[in-house]
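Please read it alongside the sequence and the coordinates.

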Amino acid sequence: MRVGVLTGGSDCPGLNAMLRAIVRKGVQEYGDEFIGFRDGWRGVLRDETVPLDIPAVRGTLPRGGTILGSSRTDPFRADDGLDRMLGTLARHRVDALVVAGGTATLTAAARLADDHGVPLVGVPKTIDNDIPLTDYTIGFDTAVGVATETIDRLHTTAESHKRVLVVEVMGRSAGWIALHAGLAGGANCILIPERPFGVAQVCEWVESRFKATYAPIVVIADSALPDSGEIALHGVTPPPDGGPRDRLSGVGEWLGREIERRTGKEARTTVLGYIQRGGSPSPFDRWLATRFGLHAIDAVHEGDWGSMIALQGTRITRARLAAATSTLKTVDPALYEEASVFFG
C-alpha cells in the first residue's frame with residue numbers, strides 16, 4: 001500500500017518514535033511505501049510532502065518534536081479545503097492516511113473518514129491527555145516528568161527564601177498535567193480548570209504551610225480560573241492563523257500577585273510553557289508511541305477506517321474517532337479529591 005502520514009496540532013515528544021514504528025513495520029512486514037505530509041493538514045492542503053522511508057526515520061527514537069513538522073491548520077476552514085485535500089491524496093495515489101494529532105486534528109480526521117470516505121486511522125497525541133477512550137496520549141508522560149522535575153527543583157528555593165512559588169503548567173481545558181505533576185512533586189495546592197478556585201482558600205493554604213515552617217508550592221493549570229471570575233488574562237488573543245484556539249497563560253502571574261497582596265508573603269511565578277513540549281521523550285512515551293505506531297499500520301492493513309489507536313490499561317485497543325473527538329476527557333472529581341488531602 002501507499003500510505004500517507006501527518007502529524008498535526010502542537011508538537012510533543014514521542015511523535016518521531018511513532019513515525020519510526022509505522023515506517024519500520026510497514027516496510028519490513030507489509031512492503032508499504034510511505035509519503036509524509038509536511039506541517040499537518042497544511043501539507044495536505046498545499047501538497048507539500050517529504051520522503052518517508054527507513055533511512056528518514058533512522059535514529060529518531062529519542063528525538064523530540066516531529067520530523068514532518070506540524071501546525072494547527074483546520075483544513076475545513078480553508079477555501080475549497082476538502083477538494084484540495086482530496087486532490088492531493090489522489091495525485092499521490094494514497095491508499096490510506098495515518099493522522100497523529102490532538103482533539104482538533106483528529107476531529108478533522110473523523111469528519112474526513114465518516115463524511116467523505118477517506119481511508120484513515122488516527123493516533124492520539126497531546127501533552128494535555130484530554131482525548132477520551134485512551135488512558136494516555138503520546139507526549140503526556142514527558143510533560144508530566146518535566147513539570148515534576150521543575151517542582152522538585154523549586155522546593156529548595158522556596159524553602160531557602162521562604163517564598164511562595166507558583167508553577168503554571170499547560171493543559172488547556174483539562175487539568176491532567178497539573179494534577180499528576182502536582183501530586184508527584186509534592187505541591188501544597190493544585191488548581192485545575194475543572195474546579196474554579198477561591199483565592200481566599202488558596203491564601204489560607206499558603207498561610208497554613210508557613211505556620212508549619214514549610215514554604216508552599218502552588219501548581220496551577222494555564223486555564224484554571226477563580227470562582228469569582230475576577231481576572232482578565234494577559235495574552236488571550238486569537239492566533240494568527242485565524243483558528244479557534246486562544247493563547248493561554250497569565251493566570252499564574254496573576255495568582256502570585258494576589259497571594260503576595262493578600263498574605264504579605266513574597267511570591268514568585270514560574271511559567272513552564274513550551275518547555276513541557278520540548279526535548280527527548282520519556283521511556284514511557286517512546287514505548288507508547290512505538291506501540292501506537294505498530295498497531296496503526298496493522299489497522300491500516302485491516303481496513304479499520306475511522307478508528308483511533310488507544311491504550312486501555314496495558315493493552316493497545318481501538319476506538320472510533322468520532323466517539324473519541326465528541327467530547328474532552330477531563331479530570332474526574334474523585335481523583336482531584338484524592339490529591340486535596342495534601343493541600344494546605
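Predicted model: local features only at pLDDT ≥ 70, side-chain atom pairs only at ≥ 80, totals over all residues.

## The largest cavity

Rolling a probe the size of a water molecule over the atoms shows where empty space is left.

The residues that line the largest cavity are Gly9, Trp41, Ser71, Arg72, Thr73, Asp74, Pro75, Ala104, Thr105 and Ala108. Helix H5, spanning residues 103-116, gives the most to this lining, with three residues. Sorted by class, the lining of the largest cavity is made up of four nonpolar, four polar and two charged residues.

## Nonpolar cores

The largest nonpolar core comprises 78 residues, and those with the most contacts inside it are Val123, Leu191, Phe197, Ile217, Val218 and Ile259. When neighbours within four places in sequence are left aside, Val218 is in contact with Val164, Leu165, Val166, Val167, Cys189, Leu191, Val206, Leu255 and Ile259; two of these partners, Leu191 and Ile259, are themselves listed among the residues with the most contacts inside the core.

## Strands E1 and E2

Strand E1 (residues 2-7) pairs with strand E2 in the parallel sense, over four bridges, and within this pairing Gly4 stands opposite Ile35 in E2. Strand E2, which covers residues 33-37, is mostly covered, since four of its five residues are buried.

Conventions:
Residues numbered from 1 in each chain as written. Heavy atoms only, no water. 1 Å grid on protein atoms, 1.4 Å probe; cavity = no way out; pocket = protein on both sides within 12 Å on 5 of 7 lines; lining within 4 Å. Helix = DSSP H or I, 4+ residues; strand = E, 2+ residues; numbered from the N terminus. Nonpolar A, V, L, I, M, F, W, Y, C, P; charged D, E, K, R; others polar. Core = buried A, V, L, I, M, F, W, Y, C linked by side-chain atoms within 4.5 Å. Buried < 20%, exposed > 50% of the residue type's maximum accessible area, 1.4 Å probe, protein only. Contact = heavy atoms within 4.5 Å. Pairing = 2+ DSSP bridges.
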